[in-house]
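Trainee: I have a structure to read. Could you take me through it step by step?

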Amino acid sequence: MSKKQWLAPALTLGFLILLLAASVAAIPLLRAHGKTAQAGQDEAVEKPAAPAPCVAASTLAGKWYPKEPEALKEQIDGFLAKTPDETYPDVIALILPHAGYAYSGQTAAYGVKQIAGKSYARVVVMGPSHHAALTNQAGVPDATAYETPLGEIPLDVEFIVALKQHPEFISEPAACRGEHSVQIELPLLQRTLGAFKLVPVIVGELNAKTSQAMAETLAGLIDERTLVIASSDFTHYGANYGYTPFTENIPENITALDMGAFAFIEKKDPAGFQSYVEEKEATICGRNPIGVLLEMLPADASVHLLHYSKSGELTNDYTLSVSYVSAAATGKWSKKGGDSVEPHDTPALTEDEKRSLLELARKTIDWAFTHHGQPTAEELGVTVASGMRQVMGAFVTLHERGQLRGCIGEIEPRRPLFEAVIGNAINAAFSDPRFSPLTTEELPKVDIEISALTPPRPVGSYQDIIIGKHGMVLSKDGRRAVFLPQVAPEQGWTLEQTLSHLSMKAGLSSDAWKEGASYTVFEAIVFGEHGA
């Protein structure tokens, strides 16, 4: 089997948005539009992001490692107990294997032992895609957390949103569904590190230019408290892998092959490493994540081999053997420019882009009367300008003769703005549970408004919320409610009045906002067919 045959065809998602919309939760959005709105009369509905497979419990538990938390902890602790106590200072990156723990766990432990007890704010784990065909792209999830038997790991959502501003990084649920190359590392990290945020990156087949571009993007976003992991097994030897370049002295030849590849890694030579892999047709499944890591490493970084093993050593059978490497890179990350994941100003949309988005929403609704599914911008004859490709949350609001006729949206940025507008235009017209579906006779009478949202970010206190600028999300005791930025000014509310209304809409007492609540804020660009 050639390395290209390892990739299964990309899985595709069915059209789920309309099926999910009937169960969405209502979010208050009392809108006056030049007159006093009656409470409960003029609300918006948030359509939550479609559940991502990556949020579900690990698909590896009970198969690749123990399902019971205590048994999993005991297994990992056993591996760690057999590794040396000596560690390198300033570890900024690791190369770790990703087979089942029975095979690669001990070798992986040599790597994570290097970071045990250390503090990293963020861990970026790059693994190869074994299931989704990604060409010159990397898939990142739309989820907010990954779960293993040892608990949930929050994702660095702002970092992921910043990645998706670059065309090489895309939302790709199929790349995350059951992908073991990232999942396998997580319990090891949970057992050795304290609290951290995770950035999973599923890397496809890359050419040299794309590998460099990904490395530049990542290097521009990370900081000195970031750990980067390249997940990879090394030689897959045997007929089942379609790779038998030698039939004698197999253990020795496998070692020579693997160490030949590692020599280029040790020299931080990405071009030499890729040339070696191509020349030998080496079956190193994580060659692309390793290549990106090598492009990222600072000039003064050093790479250290920590442990090397082969599954054939455990099974005493080299007719089928996979190799495992743990390595650590030491040094200091340095900013190379690029984007910041700190809170930023509201992204700009030109007047032409606003008009195009409104046109897209109207044409989408008209198209949906006679078609099933969801149209593309190309099918609607709307050109997608660069600003429309920004990954943003969005609400689409419909009014008929000044009265609300539908409003559904998504707060979390999970797809390009133009796609969010298409999806939520359909939802607002046909799936707002408070209204009957829009009719063809009504469409000419409807005015469309779009709210394009910046990523939500946490604030330390409600006192950090600025009325008129910030939309807000209040969370407490498992309850949650949201106001868009324009709500409070249109109602003439003070901050305290706004939070009281928000608490009640979350099903809490009117003063619940004063203690124990957490807040996130976002901003919005609001524009409509008849002005903002």
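Mentor: The questions below go through a predicted model.

Trainee: Is Glu 185 buried or exposed?

Mentor: Start with its place in the chain. Glu 185 lies in the loop between α6 (180-183) and α7 (186-192). Buried means under 20% relative accessible area. Glu 185 has a value of 0%, so Glu 185 is buried.

Trainee: Which residues does Glu 185 touch, leaving out those up to four places away in sequence?

Mentor: Look beyond the neighbours in sequence. Contact means heavy atoms within 4.5 Å. For Glu 185, that gives Leu 96, Pro 97, His 98, Val 125 and Ser 231.

Trainee: How far apart in space are Glu 185 and Ile 229, C-alpha to C-alpha?

Mentor: Count along the sequence, then check the space. The two residues, Glu 185 and Ile 229, are 44 residues apart in sequence. In space, their C-alpha atoms are separated by 8.9 Å.

Trainee: Why are the buried residues of α10 on the same side?

Mentor: First, list them. In α10 (residues 270-280), the buried ones are Pro 270, Gly 272, Phe 273, Tyr 276 and Val 277. They share one side of α10 because they cover an arc around the axis of only 165°.

Trainee: Which residues are exposed on the other side of α10?

Mentor: Exposed means over 50% relative accessible area. On that other side, the exposed residues of α10 are Ala 271, Glu 278 and Glu 279.

Trainee: Which residues touch the most other members of the largest nonpolar core?

Mentor: That core holds 88 residues. A second core of 32 residues is separate, and includes Trp 367. In the largest core, the answer is Met 126, Val 201 and Leu 297.

Key
Residues are numbered from 1 along each chain as its sequence is written. This is a predicted model: local features need pLDDT of at least 70, side-chain atom pairs count only at pLDDT 80 or more; totals for chains, interfaces and linings use all residues. Side-chain values use heavy atoms; hydrogens and water are left out. Helices (H or I, at least four residues) and strands (E, at least two) are DSSP runs, numbered from the N terminus. Buried means under 20% relative accessible area, exposed over 50%, partly exposed in between (1.4 Å probe, protein chains only). A nonpolar core is a set of buried Ala, Val, Leu, Ile, Met, Phe, Trp, Tyr and Cys residues joined through side-chain atoms within 4.5 Å. The arc is that of the directions from the helix axis to the C-beta atoms.
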